[in-house]
Amino acid sequence: MADAPNFDNSSKQESVLDKDKYFGFHLSGRVLAIPVMRITEIVEYRGVNITHVPTLPEHIHGALNLRGSIIPIIQLSNKLLFEASPMSKRTCIVLLEVNMDGEMDQIGIIVDGVHKVMELYDEDISEVPPLGMDVNPDFISGVTRVNGTCVTLLNVDQVFSAREIAFVGSFSE
């Protein structure tokens, strides 16, 4: 009698659990990504009323009143010291949660457009190379290649400081 086929998928199921989803976006000719679980909403840039405050640092675009919540909006290209792309119909604001001194706060980042959602295994992600990156290495959690495209994974908790976000919130009170 032939052996019964083995339908034990436990090792395959474990590997599915090791897979994380990342939201990829375009910024100044690059593809960057952040964990999907941090994103709360994506808003079209056109038609959004952002309050600009002249005393803010250049990378803080202003604040958005979204359904009664004041959300600081960051011009991510300026924060990362990239040359800013012109606004287009693909420009959007990604609202995400960041850890600010132990509490989760919401901010918005202006990006050039949506790339795609990517499912990555831990082994797909390489450590930050010591040289050759045009982003502060403290801001990067890893790098990967997806279909031949280099993708930089941002560590959102390192990119944004509590002090700069609190500064935006102070003018809304």
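Predicted model: local features only at pLDDT ≥ 70, side-chain atom pairs only at ≥ 80, totals over all residues.
Reader: How many helices and strands make up the secondary structure of the chain, and what percentage of its residues is buried?

Author: The secondary structure comes to four helices and eleven strands. The chain has 173 residues, and the buried ones among them make up 39%.

Reader: Is Pro35 buried or partly exposed?

Author: Pro35 lies in strand S2, which covers residues 30-35. A buried residue has under 20% relative accessible area, and an exposed one over 50%. Because the relative accessibility of Pro35 is 22%, this residue counts as partly exposed.

Reader: Which residues does Pro35 touch, not counting residues up to four places away in sequence?

Author: Pro35 and Lys21 are 14 residues apart in sequence, and their C-alpha atoms are 6.1 Å apart in space. Contact requires heavy atoms within 4.5 Å. With residues up to four places away in sequence left out, Pro35 touches Lys21, Tyr22 and Leu154.

Reader: Where is Asp124 placed, and which residues form the negative surface patch that includes Asp124?

Author: Asp124 is in the loop between strand S9 (113-121) and strand S10 (140-146). Patches are made of residues with over 30% relative accessible area, and Asp124 is partly exposed at 32%. The negative surface patch is formed by Asp20, Asp122, Glu123 and Asp124.

Note on methods:
Residues numbered from 1 in each chain as written. Heavy atoms only, no water. Patch = residues over 30% accessible without salt bridge, like charges linked within 9 Å, V, L, I, M, F, W, Y side chains within 5 Å. Areas by Shrake-Rupley, 256 points an atom, 1.4 Å probe, with all protein chains shown as cover. Salt bridge = Lys/Arg side-chain N within 4 Å of Asp/Glu carboxyl O. Lys, Arg positive; Asp, Glu negative; His and termini not counted. Charge placed at Lys NZ, Arg CZ, Asp CG, Glu CD. Helix = DSSP H or I, 4+ residues; strand = E, 2+ residues; numbered from the N terminus. Buried < 20%, exposed > 50% of the residue type's maximum accessible area, 1.4 Å probe, protein only.
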